[in-house]
Structures are given as C-alpha cells and as structure tokens.
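Try each one yourself before reading the solution.

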Amino acid sequence: MSNTNEFVLEMKNINKTFPGVKALNGACLDLRYGEVLALCGENGAGKSTLMKCLSGVYQPDADSGEILYQGKAVHYNSPIEAKKDGIVLIFQELSLVMDLSVAENIYLGSLPMKHGRVDWKKLNSDTQVVLDKLGCPASPKDTISSLPIAQQQMIEIARGIALGAKVLILDEPTSSLTEREKNYLFDIIRKLQSEGVGIVYISHKMDEIFEISDRVLVFRDGQPTGKFNTKEIVLDDIVQAMIGRTLDGYFHKCQAEPGEEVLRVEGLSLRGVYKDISFNVRRREVVGFYGLVGAGRSEIMETIFGVRKPDAGTIYMNGQKSNIRNSVDAVRNKIGFVTENRKEQGLVLDKSCRENIALAKLPWLQKHGFVDEKVTYDIYNEYHDKMRISSPSSEQEIVYLSGGNQQKVVIGKWLTLAPDLLILDEPTRGIDVGSKSEIHKLIAELAESGMAVIVISSEMPEIMGVSNRIYTIAQGLITDEFAGDEITEENLIKAITITESAKRA
C-alpha cells in the first residue's frame, strides 16, 4: 500500500451533543487498512452517532478533536461528500430506490453522460464490472424490487465499491439475511479486506463479531470502554466493557414442571408454505421453533394468530377446537403475538409509551367512543415496573426508546390481556446483549407464572438457551422434536437441513 500510515481512519476526541443529551464524550476510534473493526455497545451507547459524525450525517461539536482519513484531516458536511472521498456508511434500513435498476442505483448521482444524455451502454458496462467484483448474480438492468434482500445488500455495497471506498461501515448488515446469505456477505467482506478496505462492523450478534472481526471496540455512554484483539478475548470481556458488569446466567430457562396442554395443532397445512404441522405447548414451558429464514416458522404462527387462513388442519386452545378466522378471534382465545418486526407491526412510532402499551386493550378501554386515559396511565405504570422499562416518562414517544425497551413495551402490550399463550417471533432481533439477557429472563418468568410460550429464533444459542423443547422446521415441515439432553447444536443443524424428500423416505 502506498500510504505509509497504518491507519486508514483515526477519530480523536469527538463530542456530539443533542438537546439534553451528551451522545459522544471524547470518543476515539482507529481503523487499519484491510481490517474488520467490530463496534459494540448497548443501544444508545454512541456507536451509530460516531459513524454518522464521520460520514457527514451529523456534525461533531465545535470543541471536538479531529478526524484523519488516509493521514489527512477531513470534515464532511454531507454523506455525499464522504462517499465521494471513499467513506461509505450502509444503514440497517437500506436506502435503495426500489423502482430503479441496479445500475441506476449504483451510480445514482454520478450517471455517465454522453451528448447530454445518460450513456446507458457505459452505465451497464461499468455496473457489470462492479457486480463481477462482488460475485453478485444480479444484472445491471434488474429492478431493485425484484431482488432478494441479500442481493439488495450487495447493491448497497456495490455503490461503495463503484466510488472506490477505502472505509466501509456496515450497521447490523445481517439482520434480514439467512445463514447462507450471511456467509456470502462475509466472503465479500474478506475479499474487500484483502484489497485493503477498512471495515467497521456494527452488530449485536456476538457470534458474528467473533467470526468476522480482527479487533473489537466497545462503547458505553458515548465513550470507548474497551479495545480488544478478537482472538484474545471471550464474550464476558465484551459484556463487562458494554454494561459494566458480567451477565451471570446469560440465558434463563423455565424451571417449572409443565402443566396442562394450552395449544394443540393437528395437520395444519397451507399450500406452498407449510404442510402437516402438528405440535403442542403446555403451561409453564417454553417451546422453541428453529429453522432457516423462509422455512415457514413465522407463517405457521401467523396462521395460529388468524393472520393467514390454512387449507387444512385443526387448532385447539385449552382442549377446545378453535375457529380462529382473524386476529380478533385469536385475542378472544387469549393468544398474544409479538411479531418479528416491532417497528412496522408492533408499535405506533409517533405515539407515546403509554399509548403503545395500551394498544391491545383499547377495545376494552372505551367509554362512549372515547378512551379512558386514566386507565391507560394505570396500565403504563403497572407494566413500566413489571417489565423494567427505561423511559423518561409515560409520554415519551416510543421511537426514541432503545430497541430493548421498545421490545419490552411490545411484550407488555400483550401481557395486559393476560394471555394463556404468548408467541414471540425473533424476540431479541436488533437488541443489545444486556437487553437480550433481560428479555430471556422475562420469557422464563412468564412461563413459570403459568403461561405457555412459543419462541422463534434464528440464533442457535438463544433457542437452545431459553427452550424446554424445540421443534425444528425445514421447507415447511416439522422435521424433529428435541428436549433435555437431546438439544444439541449437532442435532439442530442436522434436523433443519432435512429435505422434504428425505423426510418422506
């Protein structure tokens, strides 16, 4: 490499203040050419804020130190300036224009022109070079909306490659990817590393951090609290730096003796999605559903909750055959459903914590067409304490809470109905390690209190750590059931790779 400085990026003494909040306080970061630096911390610790100060989304406070990029002091007024200089930030929520082509998205803002018009031949040719470099199978002319999420993620990265990125910042890049797609992304990251690109990898998934990163930088309260070489540490080192304490008993499993059957499903089928699904869940137990993304797990639970209509099969609640035609019927059958996408399906983001936690109970809180607000305050106060929700007040807009506290509100919303069965789909997605432990503990407590709980998770350590029994799903089929000492990584992996033909054989 021509640059003699080992660091492609150095951030020194960066401060950032929002009204009433010191988001960054003397934050520092250094990144070498060709390395992956994992950036860890609880929600609100300052990770994303620091990266936004780097990329021009935010401006650091006037009393900040400096940002050195390839040995030179820089200051960017917008993300466009940073991108043109080779610093590319890819957010968790992709910023692609869905109705435009792959080529148009990659070169948006810098389309090649000829005689006052777009040079389509050069645009598609240049795009193909970038796609080939990434090994992406998409065509330059494909519309973004026609591509699977993993390829959309590759197009975001391709934007940076087209601009000659030297620093690539990935914020929770695998949140919507399957295991196979994640491995593909990691192959791309390693390829970029070999070409000298410095990569900042922000994630709450500890297994990914240990797999892909060279070093780990931990933030707490806007300051770095730990810097490690990944090969020299264990999980507890990161956790201690993140939250100032260790997580004794990170996973919590219900220890109560299972009671009577709450849910029984027999022969549930939905053409092209899942087939002949049969299982049961009892009081005082947590039943896990494990499989690859797309295996049919969520769709089965959506059927039980009345969102989908099955072609065949029977659902029994508390021993009685249930005709669940919609979510209202499900609620009447005392079923709660925490969906995997809390921001789009679980919360009203511009409403307060109080209003959100009372949502499921609204039909019972109305008098003469008006909501009894006094009761909503009582509900909030009760579940604020029960769920250990951290919020400045009941009127705080939910959008400003951390992911962990948002999830507690979603769960609390369903607990107001005292359900017999609670279904949790990816309950800790996008949540920091400290909040994950609290959610795990809450799941165990709910089961021990007499509830039947179903957990869907794509994270093997989580599904093994919280479940008393586990059903594995592959290609819309239940392939096996495990309990006790049968719950091992080897058994789960084997079971989710069974194909339909192999199962029939």
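**Exercise 1.** Find which residues Q193 touches, leaving out residues up to four places away in sequence, and decide whether Q193 is buried or exposed.

*Solution.* Keep in mind that this is a predicted model.
- Step 1: locate the residue; Q193 sits in helix α6.
- Step 2: list the contacts. Beyond its sequence neighbours, Q193 touches G34, E35, V36, I199 and D214.
- Step 3: classify the accessibility. The cut-off for buried is under 20% relative accessible area, and Q193 has 16%, so Q193 counts as buried.

**Exercise 2.** One of those contacts, E35, also takes part in a salt bridge with R32. Work out how far apart the N and O atoms are, and how the accessibility of E35 and R32 is classed.

*Solution.* 
- Step 1: take the N to O distance, which is 3.9 Å for E35 and R32. A salt bridge requires such a pair to lie within 4 Å, and the two side chains do meet in one.
- Step 2: take the accessibilities. E35 has a relative accessible area of 6% and is therefore buried, while R32, at 29%, is partly exposed.

**Exercise 3.** Stay with helix α6 and look at the pair R190 and D187. What joins their side chains, and how far apart are they along the helix?

*Solution.* 
- Step 1: the two side chains form a salt bridge, with 3.7 Å from N to O.
- Step 2: R190 and D187 are three residues apart in α6, so about one helical turn separates them.

**Exercise 4.** Describe how helix α5 packs with helix α6: what are the angle and the axis separation, and which residues make the contact?

*Solution.* 
- Step 1: the helices are α5, residues 149–162, and α6, residues 179–194; they pack at about 15° with their axes 10 Å apart.
- Step 2: angles under 35 degrees count as roughly parallel, so α5 is roughly parallel to α6.
- Step 3: the handedness of the α5 and α6 crossing is right-handed.
- Step 4: α5 contributes I149, A150, M154, I157 and I161 to the contact, and α6 contributes E181, Y184, L185, I188 and L192.
- Step 5: sorted by type, the residues of this contact are nine nonpolar, no polar and one charged.

**Exercise 5.** Compare the two partners of the salt bridge between R325 and D329. Which salt-bridge network includes E35, and how many salt bridges does the whole structure have?

*Solution.* 
- Step 1: the closest N and O atoms of R325 and D329 are 2.8 Å apart.
- Step 2: R325 is exposed, at 58% relative accessible area, whereas D329 is buried, at 6%.
- Step 3: shared partners link E6, D30, R32, E35, R215 and K227 into one network of salt bridges.
- Step 4: a search of the whole structure finds 33 salt bridges.

Terms used
Residues numbered from 1 in each chain as written. Predicted model: local features only at pLDDT ≥ 70, side-chain atom pairs only at ≥ 80, totals over all residues. Heavy atoms only, no water. Axes fitted to C-alpha atoms, helices over the stretch in contact; angles between N-to-C directions. Helix = DSSP H or I, 4+ residues; strand = E, 2+ residues; numbered from the N terminus. Parallel < 35°, antiparallel > 145°, perpendicular 65-115°, else oblique. Left-handed = near helix turned anticlockwise from the far one by under 90°. Contact = heavy atoms within 4.5 Å. Nonpolar A, V, L, I, M, F, W, Y, C, P; charged D, E, K, R; others polar. Buried < 20%, exposed > 50% of the residue type's maximum accessible area, 1.4 Å probe, protein only.
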